[in-house]
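Dear colleague,

Please keep in mind while reading that the model is a predicted one.

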Amino acid sequence: MTPSDGNPQVTGFLRKATKWQSEMTELRRIVLACDLAEIIKWRKPCYALGERNICILGPFKEYCSLMFFKGVLLKDKQRLLFAPGQAQSSRQFK
C-alpha cells in the first residue's frame, strides 16, 4: 500500500460515518495528495510523514475538522485556522 492508495481502515471509518461523510472524504482526498501515510490513531484517521503526526481528521456534532498538530507553524493569511481550546501549537480547520 502506498500513501496515495489510502488505508482500508480509514475507508471503513468513513463508510460508517453518519455525519460529514462527503466532507471528510474530500478532505482525505486532499491530504492523500500530499503523500502522507494514513493510519488510524486515537480512533480517527491520522496522517503522518515518517514518524511525525501531521494532522488528524475528525467528525464533531456541528462540523468536521482537520487538525494540524503543529498548525501554529503554518502561514494562515486567510485566517482559516483556529486554536482549539487552550492548545498552544495545534490549529484546527473546520
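Is Glu26 buried, exposed or partly exposed? Glu26 has a relative accessible area of 37%, and because that value lies between the limits of 20% and 50%, this residue counts as partly exposed. Glu26 forms a salt bridge with Arg29, in which the closest N and O atoms are 2.5 Å apart. Both residues belong to helix α2, which covers residues 21-32, and since they stand three residues apart there, about one helical turn separates them.

Under the rule applied here, two salt bridges are counted, and the other pairing to describe is that of Arg28 with Glu38, whose closest N and O atoms lie 2.8 Å from each other. This pair links distant parts of the chain, with Arg28 in helix α2 and Glu38 in strand β1 (residues 37-41), 10 residues apart. Arg28 is buried, at a relative accessible area of 11%, and Glu38 is buried as well, at 5%.

Although Arg91 is buried, it has no salt bridge, and the nearest side chain of opposite charge, that of Asp76, is 7.0 Å away, whereas a salt bridge would need the nitrogen and the carboxyl oxygen to be within 4 Å. Beyond its neighbours within four places in sequence, Arg91 is in contact with several residues, among them Leu66, Met67, Phe68, Leu81, Phe82 and Pro84.

Notes:
Residues are numbered from 1 along each chain as its sequence is written. This is a predicted model: local features need pLDDT of at least 70, side-chain atom pairs count only at pLDDT 80 or more; totals for chains, interfaces and linings use all residues. Side-chain values use heavy atoms; hydrogens and water are left out. Buried means under 20% relative accessible area, exposed over 50%, partly exposed in between (1.4 Å probe, protein chains only). Lys and Arg count as positive and Asp and Glu as negative; His and the chain ends are not counted. Contact means heavy atoms within 4.5 Å. Helices (H or I, at least four residues) and strands (E, at least two) are DSSP runs, numbered from the N terminus.
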